[in-house]
Amino acid sequence: MKIKVLGPGCPKCKTTYNNALKAVKESGVQAEVIKVEDIEEMMKYNILTTPVLMVDEVARVKGRVAQTGEIIKILTNKES
Amino acid sequence: MFDWLQHFADWLIYSLFNIGINTHLGQALNFFVYDTIKIMILLFVIVFLMGIVNTYLPIERLKTYLNGTNLFGMEYLLSSAFGAITPFCSCSSVPLFIGFVQSGLPLGITFSFLITSPLVNEVAIALFLGMFGAKVTLIYVSSGILLGSVGGWILGKFRLENLLSDWVKKILANAQHTVTIYENESRSFKQHLPDITRGSWEIVKNVFVYIIVGISIGALMHGFVPEHFFNEYLGSGKWWTVPLAVILAVPMYASAAGIIPIIEVFVVKGVPLGTAIAFMMAVIGLSFPEATLLKKVMTLKLIAVYFGTITFFIILSGYVFNMILS
């Protein structure tokens, strides 16, 4: 599984990224967490507000910090 | 509305701590306790309300609406008003800018949004309410929205498309009026509530230090700077004070939370309100970090035109306020 956190590096984006890392660790799901900070790269996904949490190229949470518990739920639902 | 709080501050400082009501220290401490608590309450309430608005009026929906509806020129005002009520993380401004341009929205309308968005934000509104009252807050908000509309409209007339960065121009060339179908998040208000509360708390927590510092400096000045101190130097009789205040403010990057309590004291001690509002608009609305972000999408020339236009209108509104408010 591939998790991407899109955001140019504001505190909210960093929190989301750290939450994603925590979620992967706690859920035990095999996933890679990538931080996308380049705006040109980000705009390929047609987003408006940051941060965005993407799981396997699908935007799951937009414009707000995704909480660890929430990410775990997204990750584990996907697997089943 | 906040009488109880004043009573509390009076009791705490003058009775419990037994610091004289006529001493500088007593007055400064009283001011500090009263203002800090009041601002915190106002800030949380307003940020929370904005959070609810933002949950139900998402930016994608607004973009689609602006794009698909003919509004006979009102779209600038609307875009600017939306900029005022949608709080977003400061570094979202560039993705937003691209997203708007990409969907085929005219550059001017995008600018309207971009100008008002930092200028009128929930932190500034809460502090204005707490420090200057409802009337001045209303003036600030409505003139901020007006400034965004007019500024965006004028910038739109300049045909600035060729001053965008190359890769943005490429996007612009491929822009199409896409009407994205908005997918409704199937979450109830109850499910949203914890997120909104947490988000509001985060914002309050982040500006807390600035508020404390701002109010402390304000409280010290309040207690120690003599009444009408600034009348002589910065009074309304001097025409150059407005442009000077604005130009001084542009390179100043301060949090609205820190700067507004200090400016309130300047006003109490004799600086005209219009000059003060213009100064705060420039501090809040124009900043170097924003310029650095915009550099990603605009050439330096465009940033200069953009900042120049806004600066001009802020100075203009400063004069207008001084005329109306004196």
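Mentor: Two residues are in contact if their C-beta atoms, placed from the backbone, lie within 7 Å. The structure is a predicted model, in which local features need pLDDT of at least 70 and side-chain atom pairs count only at pLDDT 80 or more, while totals for chains, interfaces and linings use all residues. Residues are numbered from 1 along each chain as its sequence is written, and chains are lettered from A and ligands numbered from 1 in the order in which they are written.

Trainee: With which residues is Phe31(B) in contact, leaving aside its neighbours within four places in sequence?

Mentor: Phe31(B) lies in helix H2 (residues 24-56) of chain B; helices (H or I, at least four residues) and strands (E, at least two) are DSSP runs, numbered from the N terminus. Phe31(B) has 23 C-beta neighbours inside 10 Å and therefore counts as buried (20 or more other C-beta atoms within 10 Å; exposed is 12 or fewer, partly exposed in between). Leaving aside neighbours within four places in sequence, the contacts of Phe31(B) are Ala219(B) and His222(B).

Trainee: In what order do the elements of chain A run from the N terminus on?

Mentor: Chain A holds 3 helices and 4 strands. Starting at the N terminus, their order is β-α-β-α-β-β-α.

Trainee: What percentage of the residues of chain A count as buried?

Mentor: The C-alpha atoms of chain A fill a box of roughly 30 × 20 × 15 Å along the principal axes. Of contacts in chain A between residues at least 6 apart in sequence, 70% join residues at least 24 apart. Of its 80 residues, the buried share is 46%.

Trainee: Which element gives the largest share of the side of chain B that touches chain A?

Mentor: Across the two chains, 17 residues of chain B are in contact with 14 residues of chain A. On the side of chain B, H3, H5 and helix H10 (189-224) each supply at least two residues. The largest share, 5 residues, comes from H5(B).

Trainee: Are H6(B) and H8(B) roughly parallel or antiparallel to each other?

Mentor: The axes of H6(B) and helix H8 (residues 134-157) of chain B come within 7 Å and cross at roughly 150°; axes are lines fitted to C-alpha atoms, for helices over the stretch in contact, and angles run from 0 to 180 degrees between N-to-C directions. Angles under 35 degrees count as roughly parallel, over 145 as roughly antiparallel, 65 to 115 as roughly perpendicular and the rest as oblique. H6(B) and H8(B) are therefore roughly antiparallel.

Trainee: How many nonpolar residues are in the contact of H13(B) with H14(B)?

Mentor: Helix H13 (residues 256-268) and helix H14 (residues 273-285) of chain B pack at an angle of about 165°, with their axes 10 Å apart. The contact includes Ile259(B) and Phe266(B) of H13(B) and Phe279(B) and Val283(B) of H14(B). Ala, Val, Leu, Ile, Met, Phe, Trp, Tyr, Cys and Pro count as nonpolar, Asp, Glu, Lys and Arg as charged, and the others, Gly among them, as polar. The contact has no polar and no charged residues, and its nonpolar residues number 12.
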